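Visitor: I would like to talk through this model with you. Could we begin with a single residue and work outward from there?

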Amino acid sequence: MTALTTPPISERIYRFGQFIEKTVFIVVIFGIGILGSTYLLNIEVANRDFLFLLSGIVAIYTLLYHQFVYSRQPTISVAFIDALVYATFISLLNHATGGLQSPLFFLYLLPIISVRLNLGSKLPLAITLFISILIFLELLLTVNPNPTSINIFLASFDPDAIYSSATDILSILLVGLYIRSISIELSHENEQLTQIGKLNEELKRVDRGKDEFIQIASHEIRTPLTALRGGLAVLLAGNVGKLTRDQQDFVGKLSGAADRLSAVAEDSLNISALEKHRLNLKISPFDLPALSARIISEMQTEAGSKKVKLVLTDHPHTLPKALGDEARIETVIRNLVSNGVKFTPSGGSVTLSIRSSGGKIITSVKDTGVGIPPEEVHNLFRKFYRVENVMNESTQGTGLGLYIVKLIMSLHGETVGVESELGQGSTFSFTLKAAPHG
Amino acid sequence: MAKRILVIEDDELIAQIYDRQLRAEGYEAKVLHDGKSAVATLTSENFDLVLLDIMMPGMNGLDVLRELKKNFKSAKVPVVMLSNLSEDSTIKEALHLGAVGYLKKIDYLPAQAISEVKKFLS
């Protein structure tokens, strides 16, 4: 399991939107500041500088806010600082541009606060609409403060005032919609971030737990198995007392069972470790023919008892060293040779050959065994898969050998190939990169 | 004179199995089940080789190794780790602390393990 790190595309698009929004916002605020100061220029120079400073502060504040607070969980203090800054800005701007159209404009701080407090999308929109209606009514009443009847009220409309009020209302509605959209995005984002955060923590915890589990399980499984295998071996050797032929035969069989149990346990534990990449590969150049020769000589006894010949073919002397993790490649070769021996009847042979081709070193293990039915080939490398016993004799295995081979090779970034003909035998081969000469 | 081998192993059954195998092969074996008594024994008695487990309650094998190397008398005895821990980092640490060998217990039958450590018995 890997932890989630890359944000989803929708979030990246959203962040890009935020960037555009931020830029536009800062430009607008500076623009207003400059306009206001130009207006003030005719009255008093000192005030213009003050307004520049004010606009600059609000712009920087907005930038910092968007950079550091925006996507986090909003808090009451952030909401109030935000509202305070905007309130100061609105009042000074109004003061600079010749007075307020309406003090009700200050009510727009309410939707800002509710957005920052993440109170959902409906509340800011409702507040905005409510304030818009209030301001509209106030504007109408300002145009004609004392309407005596509805006719006089309508007749007294100044077209400029209507235009101005309509523009105000339109912009107010846009502000409301804008706030609503931010609010929705904010709440979604917060929800997603919280969920991703929780999931991440959970994954890390499970991962650590699995690591520890593998380590402890390995040790705790191995300890009784060590005692079992060791004890049976000591018993069989007659070190606890001489055994009768019958007893020897019986303990020998028990010992075989313990060996198989131990093999399954080791294979499973190795897989857990490999799958977790805990066994970091130690890639270095090594002498593949020398390793093969050692494995072949060590496995002669095992093959000899089945009357299967093990052969290592001559390799060209110019063969470069192979790049890989020698200990893991040893496991790969041992598993492949052991499989070959297992599925080859008496009198047959298993041949290991190494050659190089185009910067790669190819190792093949060819047997003269029973072969693999074509329909079974794609199942071979599956965990716990065992080819049906076609030899009609006990071919014991864990069904993990080829899976481990595939796992190790895929950690090397390489693959394992297989060619087989029923009754003729099979050839398994894997490639490794050749080390540069020198 | 028979070579003296000290087996430090908390699992009594495994310790007993090694004890029997060692005796059958003509060694003089002594078995201890915890790190603390092992350190005490090694500073007062002479041994030709120590087989040392790692996962033990209280003082673990690596702690024991560290202590042994501090003492002039015990520092000279070759120590072979015999543990079922197989993490590279553990093996590296043990060798760094001065163990002459590291055998993964499950991979060796007692007779095989003993034939492996024979080379350290000069």
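Visitor: Is Lys307(A) buried or exposed?
Guide: In this predicted model, Lys307(A) counts as exposed, because it has 11 C-beta neighbours inside 10 Å, and the cut-off for exposed is 12 or fewer.

Visitor: Where does Lys307(A) lie?
Guide: Lys307(A) is placed in the loop between helix H9 (288-304) and strand S2 (309-312) of chain A.

Visitor: What is the phi of Lys307(A)?
Guide: Phi of Lys307(A) is near 55°, which is a positive value in a residue other than glycine.

Visitor: Which glycine in a turn has a positive phi?
Guide: That is Gly423(A), with a positive phi of about 85°. Gly423(A) sits in the turn of a hairpin formed by S6(A) and S7(A), with three residues between the two strands.

Visitor: How many bridges join S6 and S7 of chain A, and in what sense do they pair?
Guide: Strand S6 (residues 416-421) and strand S7 (residues 425-434) of chain A pair in the antiparallel sense over six bridges. Within this pairing, Val418(A) has Phe428(A) in S7(A) as its bridge partner.

Visitor: And chain A as a whole, how many helices and strands?
Guide: Chain A has 12 helices and seven strands. Of its 438 residues, 23% count as buried. Among contacts in chain A between residues at least 6 apart in sequence, 71% join residues at least 24 apart.

Visitor: Now chain B, please. What is the order of its elements?
Guide: Starting at the N terminus, the elements of chain B run β-α-β-α-β-α-α-β-α-β-α. That comprises six helices and five strands. Of the 122 residues of chain B, 39% count as buried.

Visitor: What is the average pLDDT of chain B?
Guide: The average is a pLDDT of 91, and 100% of the residues of chain B score at least 70. For the model, the scores are ipTM 0.80 and pTM 0.52.

Visitor: In what order do the strands of the chain B sheet come?
Guide: The five strands form an open sheet in the order S2-S1-S3-S4-S5 of chain B, and the pairing is parallel. Strand S2 (28-32) and S5 of chain B are the edge strands, each pairing on one side only. On average, neighbouring strands of this sheet are turned by 20° against each other, direction ignored.

Visitor: How many bridges link S4 and S5 of chain B?
Guide: Strand S4 (residues 79-83) of chain B pairs with S5(B) over four bridges, in the parallel sense. One residue to look at here is Leu82(B), whose bridge partner in S5(B) is Leu103(B).

Visitor: Which helices pack on that sheet?
Guide: Among them are H1(B) and H6(B). H1(B) lies across strand S1 (4-8), S2 and strand S3 (49-52) of chain B, and runs at about 170° to S2(B). H6(B) packs on the sheet and touches S3, S4 and S5 of chain B, its direction making about 170° with that of S5(B).

Visitor: What is Lys104(B) in contact with?
Guide: Leaving aside neighbours within four places in sequence, Lys104(B) is in contact with Asn84(B) and Ser86(B). The C-alpha atoms of Lys104(B) and Leu82(B) are separated by 6.0 Å, although the two residues are 22 residues apart along the chain.

Visitor: Which residues touch the most other members of the largest nonpolar core?
Guide: Those are Val7(B), Ile8(B), Leu51(B), Leu52(B) and Leu65(B), in a core of 38 residues. Apart from this core lies another, of 26 residues, among them Leu336(A), Val341(A), Leu400(A) and Tyr403(A).

Visitor: What does Leu65(B) contact?
Guide: Beyond its neighbours within four places in sequence, Leu65(B) is in contact with Leu52(B), Val79(B), Ala94(B), Leu97(B), Gly98(B) and Ala99(B).

Visitor: Last topic: how many residues does each chain bring to the contact?
Guide: Chain B brings 16 residues and chain A brings 17 residues. On the chain B side, the largest share, six residues, comes from H1(B). By class, that side of chain B has 10 nonpolar, three polar and three charged residues.

Terms used: Residues numbered from 1 in each chain as written. Chains lettered and ligands numbered in written order. Predicted model: local features only at pLDDT ≥ 70, side-chain atom pairs only at ≥ 80, totals over all residues. Core = buried A, V, L, I, M, F, W, Y, C linked by C-beta atoms within 7 Å. Buried ≥ 20, exposed ≤ 12 C-beta atoms within 10 Å, placed from the backbone. Contact = placed C-beta atoms within 7 Å. Nonpolar A, V, L, I, M, F, W, Y, C, P; charged D, E, K, R; others polar. pLDDT = per-residue confidence, 0-100. Pairing = 2+ DSSP bridges. Axes fitted to C-alpha atoms, helices over the stretch in contact; angles between N-to-C directions.
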